[in-house]
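Colleague: I would like to learn how to read salt bridges, aromatic pairs and pockets in a model like this one. Could you take me through them in turn, giving the general idea before the case at hand?

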Amino acid sequence: LFLKVRRGEPVYKSLVGQWKRTAAFADDAAPIPMASRVYVADNAIRRSEIRRGLLYGKGPLLLAALNRELGDEVFLSFLRAYQETFAWKFGSTKSLAGLLQATTKKDFMPFFDRYFWGTEMPKD
C-alpha cells in the first residue's frame, strides 16, 4: 500500500504480478500452514520454490485480496485493530476472521478455508 500511494498504481500492480509469479511455484502443492512441511523427494530446490511461493507469493496475494474487497480505509483500520487487540498475544486464523467479521459484518472463514487452509489461489 505504501508503494501504491508513493509510487503509483502501476508499481503496485507490478508487485502483485511478482507475487502471482512466485505463488505459481506453489500452484496447488499445499496450503500456506504446511509451507515448512512440504516434502518433495530428492528435490530440495522444488521444496524451496513451493515454500517461497506459499509464504512470499500466496501470503501477500491473500492480503491484497482482502484489501481489494475491504478498500484501503477499512483494511488499514482492520490491521490497526488487530495489532491493538493482539499486541503481545498469540493470534490465530480464527481470531483474525472473527475480527474481520466484527469489522465488516461478513463471515470470512470461507475465504480462509478456501485460500489459506486450501490450495486455491485468489482471483483478481
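Predicted model: local features only at pLDDT ≥ 70, side-chain atom pairs only at ≥ 80, totals over all residues.

Colleague: Which residue forms a salt bridge with K4, and which parts of the chain does the pair link?

Modeller: The partner of K4 is D72, and the closest N and O atoms of the two are 3.5 Å apart. K4 is buried, because its relative accessible area of 19% falls under 20%, whereas D72, with a relative accessible area of 34%, is partly exposed.

Colleague: How many residues apart are E49 and R46 in helix α3?

Modeller: They are three residues apart in helix α3, which means that about one helical turn separates them. Another of the salt bridges joins R114 to E120, with the closest N and O atoms 2.8 Å apart; R114 counts as partly exposed at 43% relative accessibility, and E120 counts as partly exposed at 30%.

Colleague: How should I read the aromatic rings?

Modeller: A pair of aromatic rings is described by the distance of the centres and the angle of the planes. When rings are paired if their centres lie within 6.5 Å, the count comes to seven aromatic pairs. In the pair of F78 and Y82 the centres are 6.3 Å apart and the planes stand at 50 degrees, so the pair is tilted. These two residues are four apart in helix α4 (residues 72-85), and therefore about one helical turn separates them; F78 is buried, and Y82 is buried as well.

Modeller: The pair of F116 and W117 is edge-to-face, with 5.2 Å from centre to centre and 85 degrees between the planes, and W117 is partly exposed, with a relative accessible area of 45%. One aromatic cluster is formed by F108, F111, F112 and Y115. The charged end of K106 sits over the ring of F108, at 5.1 Å from its centre, while R52 lies over the face of F25, 5.4 Å from the ring centre.

Colleague: How many nonpolar, polar and charged residues are in the linings of the largest pocket and the second largest pocket?

Modeller: The lining of the largest pocket has 12 nonpolar residues, two polar and no charged ones. The second largest pocket, with a volume of about 160 Å³, has three nonpolar, one polar and six charged residues in its lining. Its lining residues include K4, E9, R68 and D124, and the largest share, five residues, comes from α2.

Definitions and conventions: Residues numbered from 1 in each chain as written. Heavy atoms only, no water. Phe/Tyr/Trp six-rings, centres within 6.5 Å; stacked < 30°, edge-to-face > 60°. Buried < 20%, exposed > 50% of the residue type's maximum accessible area, 1.4 Å probe, protein only. Lys NZ or Arg CZ within 6 Å of the ring centre and 35° of its normal. Nonpolar A, V, L, I, M, F, W, Y, C, P; charged D, E, K, R; others polar. 1 Å grid on protein atoms, 1.4 Å probe; cavity = no way out; pocket = protein on both sides within 12 Å on 5 of 7 lines; lining within 4 Å. Points joined across faces, edges and corners; volume = space filled by probe spheres on them. Salt bridge = Lys/Arg side-chain N within 4 Å of Asp/Glu carboxyl O.
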